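Thanks for coming, everyone. Let's take a quick walk through one model, starting with its sheets.

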2 protein chains.
Amino acid sequence: QLLQELVAFTQPKLLAGRRVVITAGPTSEKIDPVRVITNRSSGKTGYAIARAAHEAGAQVVLVSGPTALPAPHGVRRVDVESAADMHAAVMAGARDADLFIAVAAVADWHVANASGNKLKKNASNQPPALQFAPNPDILAEVARLPDGPWCVGFAAETENLHEHAQAKRQRKGVPLLVGNLAQDSMGGDTTTFVLFDDQGIEELPKLSKTDAARRLIKAIAARLPRKA
Amino acid sequence: QLLQELVAFTQPKLLAGRRVVITAGPTSEKIDPVRVITNRSSGKTGYAIARAAHEAGAQVVLVSGPTALPAPHGVRRVDVESAADMHAAVMAGARDADLFIAVAAVADWHVANASGNKLKKNASNQPPALQFAPNPDILAEVARLPDGPWCVGFAAETENLHEHAQAKRQRKGVPLLVGNLAQDSMGGDTTTFVLFDDQGIEELPKLSKTDAARRLIKAIAARLPRKA
């Protein structure tokens, strides 16, 4: 524990003076006051990156969906539930940030006809007729901001990682996209990052999320434009 | 902490020699390998009841959906995700149990057309067309078992608690149903139980979940038929 803190304390201050906004965890979209649509993101990857950014000297705001994790030391956490909440919290901070890292597994849709009261099973036992509406694309929107932060996206895929990740990088318009295989990473303590940028593809080894996060912060710092 | 353990140790052994199956937490129904439909149950109420039953001398099996809680000391926990998993785990143990307490917030439906791969946003940005199919009614099925355990159900409602709870008790065919208001209880550390049985209604005071669970175990022990 003490050793870990020493290692953390002695990380190079590659992001000194930088303001970083990071999203983490799942979002949770209401069906009714009790039921939600969410995803299996534990938040561990995003929290590890927030910790690594703080270790590297950055001022970090972590916009987090519901997780069971404690806020990392020295990081300001903003708790949100839905993608709409996360969008609002990110947009409030993005304009003044130097770097935006979108790690959260944001729902693509919300339930347009969510109920204010708990849906009851009715006599005919009909399933609920859920109507979906698209959520804002937080990453693409931040990437389009004039004078906005440098943007890093994430793609957790279950198949065809390279193909999906390159397509996603183009679609979102971000300089760096980090891919990983959901089945290797979700909920666990290790992950394998694959970095996609204009120069091509760089595959990091399988590492603990803590170490993977530090490697990623180094890779980002090497690419980040100097402050104007 | 020591005082708490002394209090726990000195609880009257009202369920000595009884075998109890308890369900707790949410269930999680897959949409695809990443996305799920679930509910906001933290599992705290069910875990507190499992602890209280163990303190009262029972042999406890806790069938738990995904929660962030540690298994209570002395309790055998069986981890499940979907309502179908929970159904299988409960039916495997229910026939030999003296008491079944169904606290879990079980999904009424699962996604009939769940995908083996992560659903992609397609070019036309169409929302997913989810088809739902009903889940087994675990409590009603256990209550119908010949020589099955004595059954206690739970109803977390957001409105009209008394009306919904009495109707649920009839529909499920259980001798005791415990109602609470979801907005007062969910995720929090206190709860107000309202007991519905053949004799009428008994409202317990607002208590910590630990104390509410002990009061409930006393109320159950007073109603439970003597062993044959």
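In which sense do strand β4 and β5 of chain B pair? They pair in the parallel sense, over four bridges. Here, strands are DSSP runs of E with at least two residues, helices are runs of H or I with at least four, and both are numbered from the N terminus. Two strands pair if DSSP finds at least two bridges between them. In this pairing, B:Val63 stands opposite B:Val78 of β5(B).

Some housekeeping. This is a predicted model, where local features need pLDDT of at least 70 and side-chain atom pairs count only at pLDDT 80 or more, while totals for chains, interfaces and linings use all residues. Residues are numbered from 1 along each chain as its sequence is written, chains are lettered from A and ligands numbered from 1 in the order in which they are written, and side-chain values use heavy atoms, with hydrogens and water left out.

Now the whole sheet. In chain B, eight strands make an open sheet, in the order β5-β4-β1-β6-β9-β10-β11-β12, with mixed pairing. At the edges stand β5, residues 76–79, and β12, residues 200–208; each has a single partner strand, so one side of each lacks a neighbour in the sheet. From one strand to the next, the twist averages 20 degrees. Angles run from 0 to 180 degrees between N-to-C directions, and axes are lines fitted to C-alpha atoms, for helices over the stretch in contact.

Next, the helices. Helix α2 of chain B, residues 44–55, lies across several strands, including β1, β4 and β5, and runs at about 170 degrees to β4(B). Helix α7 of chain B, residues 209–223, also packs on the sheet. Among the strands that α7 touches are β6 and β12, and its direction makes about 150 degrees with that of β12(B). Contact means heavy atoms within 4.5 Å.

How do the two chains relate? Chain B can be laid on chain A with an RMSD of 0.0 Å, by a turn of 180 degrees and a shift of 0.0 Å along the axis. That is the relation of a two-fold axis. In chain B, the C-alpha nearest the axis belongs to B:Ile37, at 2.2 Å. The superposition is by least squares on C-alpha atoms of residues with pLDDT of at least 70 in both copies. Of the interface residues of chain B, 94% are also interface residues in chain A, so the copies meet through the same surface.

Within chain B, two bridges join β2(B) to β3, residues 35–39. B:Glu29 has B:Ile37 as its bridge partner in β3(B).

Last, a ring pair. What is the arrangement of A:Phe154 and A:Phe193? Their ring centres are 5.6 Å apart and their planes at 80 degrees, so the pair is edge-to-face. Rings of Phe, Tyr and Trp (its six-membered ring) pair with centres within 6.5 Å; planes under 30 degrees apart are stacked, over 60 edge-to-face, the rest tilted. A:Phe154 sits in β9 of chain A and A:Phe193 in β11 of chain A, 39 residues apart.
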